[in-house]
Amino acid sequence: MVRFMTETPDLPSEGERSPGGHETPVPKAVVARLSLYSRELQHLIHEGLETTNSSQLGKRLGVTDAQVRKDLAYFGQFGYPGIGYRCSELAEQIRRILGTSELWSVALIGVGNLGHALLRYRGFAKQGFRIDAAFDIAPQLIGTRIEGLEVLPMSSLREAVQRGVRLAILTVPASAAQHVAEQVAEAGIVGVLNFAPVTLSLPDHVAVAGVDLAIELEQLAFAVVNRGPKG
Ligand code: NAD
């Protein structure tokens, strides 16, 4: 069982919890921070560091060392007394928790402005995601190639799933997003990353995440407007 800890030792005691055996859902904020820890660990590895600790990791991300320990303690025991965390080992453990230690095959639906940009970005593969298929309904796009990837008609979605595509990125107009989301769910896609500015309604077995820079900018504007006077 996952329980909330009042004390946050670097090394939780044996049997505190087991990865994947959660009875209480892990808060979203904790999972979001795991991604940040993972990214920061990649930077540390790139800088040639073999080990780190909760204090260093926390400082680089603007969170307390106690928060780092508490977050990791949801998933098991990490680190070594007197050493801290081995960067590569912790990075791999976090990838396993996040499900990104294996490559995910992704479809992109809607090869317009944003879709083109995402197809051209090469960084996703390093994070465990490879865009393997691109779809659109525009006849002038179907059959063309972007970054070596042929744009396919929506009728080929099911074949892509049979080839191993499991996630879909939606970069279609808002007016089409719900319908497209239903199409990808019916084809067997298990997770949807939605860029269209609408809330999707899909069966529970399909995970949905949304990205909306306008909302992020709104939050930023709010933070700027409500910033206290600087000392
Ligand atoms: P766009 O018009 O350039 O591209 C949309 C593409 O989707 C076109 O190629 C179109 O043919 C295709 N399409 C339309 N209906 C479809 C359907 N039913 N099935 C498959 N493909 C279909 O638009 P864009 O500028 O690339 O924006 C795409 C989406 O991303 C929009 O919803 C936009 O609001 C959103 N957007 C989000 C963010 C963000 O921060 N999340 C930023 C920019 C744009």
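Author: Two strands count as paired if DSSP finds at least two bridges between them. Helices (H or I, at least four residues) and strands (E, at least two) are DSSP runs, numbered from the N terminus. This is a predicted model, in which local features need pLDDT of at least 70 and side-chain atom pairs pLDDT 80 or more, while totals for chains, interfaces and linings use all residues. Residues are numbered from 1 along each chain as its sequence is written, and side-chain values use heavy atoms, without hydrogens or water.

Reader: What makes β7 and β8 a pair?

Author: DSSP finds 4 bridges between β7 and β8 (residues 191-194), and the definition asks for at least two, so they pair. The two strands run parallel, with Ile-169 opposite Leu-193 of β8. Between them the chain passes through helix α7 (residues 174-187), and this β-α-β crossover is right-handed.

Reader: Why is the crossover called right-handed?

Author: The term applies if, with the strands pointing away from the viewer, the path from the first strand over the helix to the second runs clockwise. The path from β7 over α7 to β8 is of that hand.

Reader: Which other strand pairs with β7, and in what sense?

Author: Strand β3 (residues 104-109) pairs with β7 in the parallel sense, over 4 bridges. Ala-107 faces Ala-168 of β7 there. As for the side chains of β7 (residues 167-170), Leu-167 and Ile-169 point one way, Ala-168 and Leu-170 the other, and all are buried.

Reader: Why does Ile-137 count as exposed?

Author: Exposed means over 50% relative accessible area, buried under 20%, and partly exposed in between (1.4 Å probe, protein chains only). Ile-137 has 70%, so it is exposed. Ile-137 sits in the loop between β4 (129-136) and β5 (145-146). Leaving aside residues up to four places away in sequence, it touches Ile-142 and Met-154, where contact means heavy atoms within 4.5 Å.

Reader: Why are Ala-32 and Glu-147 called partly exposed?

Author: Ala-32, in helix α1, has a relative accessible area of 44%, which puts it in the partly exposed class. Glu-147 has 40% and therefore belongs there too. Glu-147 lies in the loop between β5 and β6 (149-153) and has a positive phi of about 50 degrees although it is not a glycine.

Reader: How do you know that the buried residues of α2 line one face?

Author: The buried residues of α2 (residues 54-61) are Ser-54, Leu-57 and Gly-58. Down the helix axis they fall within an arc of 95 degrees, taken from the directions from the axis to the C-beta atoms, so they line one face. An α-helix has 3.6 residues a turn, so residues three or four places apart point the same way. The cover over the buried residues of α2 includes α1 (28-46), α3 (65-73) and α4 (87-98). Just after α2, Gly-62 takes a positive phi of about 75 degrees.

Reader: How do the axes of α1 and α4 lie to each other?

Author: They come within 9 Å and cross at roughly 150 degrees. Axes are lines fitted to C-alpha atoms, for helices over the stretch in contact, with angles from 0 to 180 degrees between N-to-C directions. Residues making the contact include Leu-34, Leu-41 and Ile-45 of α1, and Leu-90, Ile-94 and Leu-98 of α4.

Reader: How many helices and strands does the chain have, and what share is buried?

Author: There are 8 helices and 9 strands, and buried residues make up 37% of the 231 residues.
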